[in-house]
Amino acid sequence: MWRPILGKKFISVLVPAALAVFLILTGGCGAYNANGSGSGSGSGSGSGSSPGAAQGFYDCTLQQGGPDMETLILPSDVFYGVFGTLALSSFTPSALVTGQGASGTSTYTGSFTEYLASGGSATATVSATDVPVSSISGTITENGVKIGFGGAVWPSTAYSFSTPAAITTLAGVWSGTLMDGANSQVTLSISTSGSVTTTSTGCQVTGTATANTTDNFFTINLKFGQSPCVAELANQNATAVAVVFLLPDGATTQLLMPATIGSTVGTVFSAQR
């Protein structure tokens, strides 16, 4: 039986010292309430409509031993929250929460869809306060389960949201996995013109990537091939975004590419080099 990620119990592990220092420097634990109520109300003096105010790429952690959540909020207020495990030189996705949200002057709210690696979906509601281009903190609620989260933007040495994206940063060969239930191994080759092709056997993917001219992310149109792509992805067109950033070891570059097929299927391509 499928269970929402917020209902799972997570096992605490010892965090390597370098990663712990990184999280302290980025404010990775955020300022949420220890009892799970969070600090984001989505209302109050900061709730006046201010489209795009919460935009940025945040490294967040869920409280009570929950997963990391790499959170991209676009200037259009579209939300991509990729749950997973952040290590010194890798990030392994386990779920994707995405949809259209709304910014206030210091708030961000939305009702989104969550897609799990094992399949299935649920509605997830986010209510948060934010310091634009700095930090975000609040709650995420799913099936009546409310949990706090908090985080800060990645340090400028790892990623800068306000820098125009450059296709040369994305170009090259990326060997990684699809969050598709089968953990499919995929190698993508992205050219300096933005052409996306698969250079590995297995699930075939083609597409076109475009660099945003204002902020540091890419928009991508993908086409999945036939079997052995999993049934939910086979022969489907997907819309994706991508960010490229430096992991806490200071040497490994991470690509995160969350993608959706309409409002029914979500996946994430994750790769390092």
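1. A cavity here is a set of grid points where a 1.4 Å probe fits but cannot get out. The structure is a predicted model. Across the whole of it, a search finds two cavities of 30 Å³ or more.

2. The largest cavity has a volume of about 50 Å³. Its lining is made up of Leu 178, Val 186, Leu 188, Val 205, Leu 222, Phe 224, Met 257, Ala 259, Thr 267 and Phe 269. Strands β10, β13, β15 and β16 each give at least two of the lining residues. By class, nine residues of this lining are nonpolar and one is polar. No charged residue takes part.

3. The second largest cavity holds about 50 Å³ of space. Around it stand Phe 57, Glu 70, Leu 72, Tyr 80, Val 82, Val 241, Val 243, Leu 256 and Pro 258. Two or more of these lining residues come from each of β2 (68-73), β3 (78-86), β14 and β15. Eight of the residues are nonpolar and one is charged. None is polar.

4. Which residues touch the most other members of the largest nonpolar core? They are Ile 220, Leu 222, Phe 224, Met 257 and Phe 269, in a core of 31 residues. At least two residues come from each of α2 (167-170), β9 (172-178), β10 (185-190), β12 (205-211), β13 (218-224), β14 (237-246), β15 (253-261) and β16 (265-272).

5. Ile 220 deserves a look of its own. Leaving out residues up to four places away in sequence, Ile 220 touches Val 196, Thr 208, Ala 209, Ala 238, Thr 239, Ala 240, Ala 242 and Met 257. A second, separate core has 22 residues, including Val 78, Leu 86, Tyr 115 and Val 243. Val 243 also lines the second largest cavity.

6. β5 (107-116) and β16 each supply at least two lining residues. The largest share, three residues, is from β16.

7. β5 and β6 (residues 121-131) run antiparallel and are joined by nine bridges. Thr 113 has Thr 123 of β6 as its bridge partner. Four residues lie between the strands of this hairpin, and Gly 119 takes a positive phi near 105°.

8. Opposite Thr 129 stands Ser 137 in β7. This hairpin has three residues between its strands. In the turn, Val 133 has a positive phi of about 55°.

9. Where does Pro 228 lie? Its place is the loop between β13 and β14. Pro 228 and Gln 204 are 24 residues apart in sequence, with 8.3 Å between their C-alpha atoms. Setting aside neighbours within four places in sequence, Pro 228 is in contact with Gly 202 and Cys 203.

How values were computed. Residues numbered from 1 in each chain as written. Predicted model: local features only at pLDDT ≥ 70, side-chain atom pairs only at ≥ 80, totals over all residues. Heavy atoms only, no water. Core = buried A, V, L, I, M, F, W, Y, C linked by side-chain atoms within 4.5 Å. Buried < 20%, exposed > 50% of the residue type's maximum accessible area, 1.4 Å probe, protein only. Contact = heavy atoms within 4.5 Å. Pairing = 2+ DSSP bridges. 1 Å grid on protein atoms, 1.4 Å probe; cavity = no way out; pocket = protein on both sides within 12 Å on 5 of 7 lines; lining within 4 Å. Points joined across faces, edges and corners; volume = space filled by probe spheres on them. Nonpolar A, V, L, I, M, F, W, Y, C, P; charged D, E, K, R; others polar.
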